[in-house]
Amino acid sequence: MNIFAKLQNIDRRILYLLVALVIIIPLVRKPARHPRTIFKEVQSAYDTIQAVPNDKLVILSSYFDAGTVAENGPQVEAMMRHLFRKGTKFATVTWDPVGAELVSKIGKQVSGQMHKQYGRDWVDLGYNPGPMYVIVSGMAKDFQKVIKQDKYGTKLADISATKDVKSAKQIGTVIEVTASGTVPVWIAYFNMPNNIPLVYCPTAVMAAEAYPYLDSGQLNGMLNGVIGSAQYETLLGMGNEATYSSAASWALSTAHIFIIVLLIIGNIGYFAANRARGGRRHG
């Protein structure tokens, strides 16, 4: 078997092993370098959060569980870091019981690292079973009537960050971190009727569906999967810090490049072998 035939018949088990190594090595080594290219929608998300007045509350809504925490978790963390750094108060509300615990854990971790205080700088509203459109619509009209207490049973009226929040008028922006088709609920029942910005953080596979909303101005920015969170960290000045987002973006990029290289090698082998067979027939 000549070299061209061998290129077309590489054992697929070897290919799977090489792809696994290409993905695993960046995740283990955690390169610090972040993407230097920033997508327009990621920059818009950053600018939207940066423009929120500090006397307004940001709602950090999430709808994901352990299945997509590798993508949605870094988005939550990046947003929390920006809000804490900027001094903007926020409240987390989650629509999945598992996601509620994941977001709560991230909030405790990031607030501890940045020396922020629960109740003064952020509030955990915990898991809300919905129906989501009813709760979201009610929050816009009478926030504390729909959500009376935080995760720990303390009345919102007794918490520094939320005591003055009565309706949508005190909300500066909504951030929706999701692995499901929930963003139309916020658009229809909260953000568009009250002219409040909305930042969208979906999994990468969902991002393509959001561009019509971005083009129409119904969304004010987007973090598309873990690549979006890595770019957001670059904007936060973390471009040379080793984080999970940077490692995951390296893993995704190298895996895609490796697959393209394999396609090129396979095609070179195919055309070269055909050319050699043609030469022998005419010889």
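I checked the pairing of strand β1 (residues 57–63) with β2 and found five bridges, with the strands running parallel. Strands pair here if DSSP finds at least two bridges between them; helices (H or I, at least four residues) and strands (E, at least two) are DSSP runs, numbered from the N terminus. The model is predicted: local features need pLDDT of at least 70, side-chain atom pairs count only at pLDDT 80 or more, and totals for chains, interfaces and linings use all residues. Residues are numbered from 1 along each chain as its sequence is written, and side-chain values use heavy atoms, with hydrogens and water left out.

I looked up F90 in β2 and found V58 opposite; in β3, the bridge partner of F90 is W122. β2 and strand β3 (residues 122–127) are parallel too, over four bridges.

β1, helix α4 (residues 69–86) and β2 form a right-handed β-α-β unit. From β2 the chain crosses through helix α5 (residues 97–113) to β3, again right-handed. Right-handed means that, with the strands pointing away from the viewer, the path from the first strand over the helix to the second runs clockwise.

I checked burial in β2 (residues 90–94): five of its five residues are buried (under 20% relative accessible area, 1.4 Å probe, protein chains only). F90, T92 and T94 point one way, A91 and V93 the other.

Last, I listed the buried residues of helix α8 (residues 183–194): V183, V185, W186, I187, F190 and N191. I noted N195 after α8, with a positive phi near 55°.

Conventions. Buried < 20%, exposed > 50% of the residue type's maximum accessible area, 1.4 Å probe, protein only. Expected span 1.5 Å × (residues − 1).
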